Amino acid sequence: MKGDAKTLVHFLGKNDRFEIPIYQRSYSWRQEQCAQLFYDLEMTMKNDKQSHFFGSLVSVAEKDNLLIIDGQQRITTVSLLILALKNAIESGAKTIDDPQKEATKLYKRYLVDEYSNDSCKLKLRHIPGDAEAFEALFEKDFSNQQSKLVKNYLFFQDQIMASHLSASEII
């Protein structure tokens with residue numbers, strides 16, 4: 001086993017696809033945990049820090065994917081935050097220089113594998129149940145109001161809009 005310290009954006013920005021193994025539990029983070037993550041992000045910027053320890057991710061290579069052994073909740077939650085920010089930039093709700101370029105960069109670097117031959121190009125693949133709700137968010141389908149994925153995406157959408165942080169700072 002080899003351990004490497006990398007930033008989360010470096011890990012997500014790789015061309016790998018991330019798969020949540022079937023034996024993992026469903027996505028379970030509640031709003032309180034998402035609020036803490038967003039607060040930590042705001043405090044990191046307010047205190048002019050370059051980074052914040054987010055926790056560990058453990059993955060193992062299997063064929064063309066990295067299986068997420070530990071860190072499923074964190075990687076999923078950050079993906080929800082990135083998707084909410086991308087959509088806020090695209091809609092003009094959060095301003096940034098060259099919004100189309102920045103939204104496309106977030107989408108292509110962290111959320112999809114545009115060169116995949118699979119019908120589902122999302123970088124993060126969930127277990128059944130979570131997969132459908134996660135994929136629906138990319139189609140702006142928020143109808144599954146019972147899903148924690150949908151609830152937390154909508155929470156981040158609200159936090160991004162209410163935050164004093166600019167889109168660039170959140171990125």
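**Exercise 1.** Is D48 buried or exposed?

*Solution.* First, the ground rules. This is a predicted model, in which local features need pLDDT of at least 70 and side-chain atom pairs count only at pLDDT 80 or more, while totals for chains, interfaces and linings use all residues. Residues are numbered from 1 along each chain as its sequence is written, and side-chain values use heavy atoms, with hydrogens and water left out.

Step 1: get the cut-offs. Buried means under 20% relative accessible area, exposed means over 50%, and partly exposed is in between (1.4 Å probe, protein chains only).
Step 2: apply them. D48 has a relative accessible area of 64%, so it is exposed.
Step 3: D48 sits in the loop between α2 (31-46) and β2 (58-62). Helices (H or I, at least four residues) and strands (E, at least two) are DSSP runs, numbered from the N terminus.

**Exercise 2.** Trace the salt bridges around E90.

*Solution.* Step 1: define the contact. A salt bridge is a side-chain nitrogen of Lys or Arg within 4 Å of a carboxyl oxygen of Asp or Glu. A search of the whole structure finds six.
Step 1: start inside helix α3. The E90 and K86 side chains form a salt bridge at 2.9 Å, N to O. Both residues lie in α3, four residues apart, or about one turn of the helix. K86 is buried, because its relative accessible area is 7%, whereas E90 counts as partly exposed at 39%.
Step 2: step out of the helix. K140 also meets E90 in a salt bridge, at 4.0 Å, N to O. K140 lies in the loop between α5 (130-138) and α6 and E90 in α3, so this pair ties together parts that are 50 residues apart in sequence. K140 counts as partly exposed, with 47% relative accessibility.
Step 3: look at another pair. E114 forms a salt bridge with K108, with the closest N and O atoms 3.4 Å apart. E114 is partly exposed at 35%, and K108 is partly exposed at 41%.
Step 4: K86, E90 and K140 make one network of salt bridges.

**Exercise 3.** Work out how α3 and α6 pack.

*Solution.* Step 1: read off the geometry. Helix α3 (residues 72-91) and helix α6 (residues 148-162) pack at about 50 degrees, with axes 9 Å apart. Axes are lines fitted to C-alpha atoms, for helices over the stretch in contact, and angles run from 0 to 180 degrees between N-to-C directions.
Step 1: classify. That angle makes α3 oblique to α6, since under 35 degrees counts as roughly parallel, over 145 as roughly antiparallel, 65 to 115 as roughly perpendicular and the rest as oblique.
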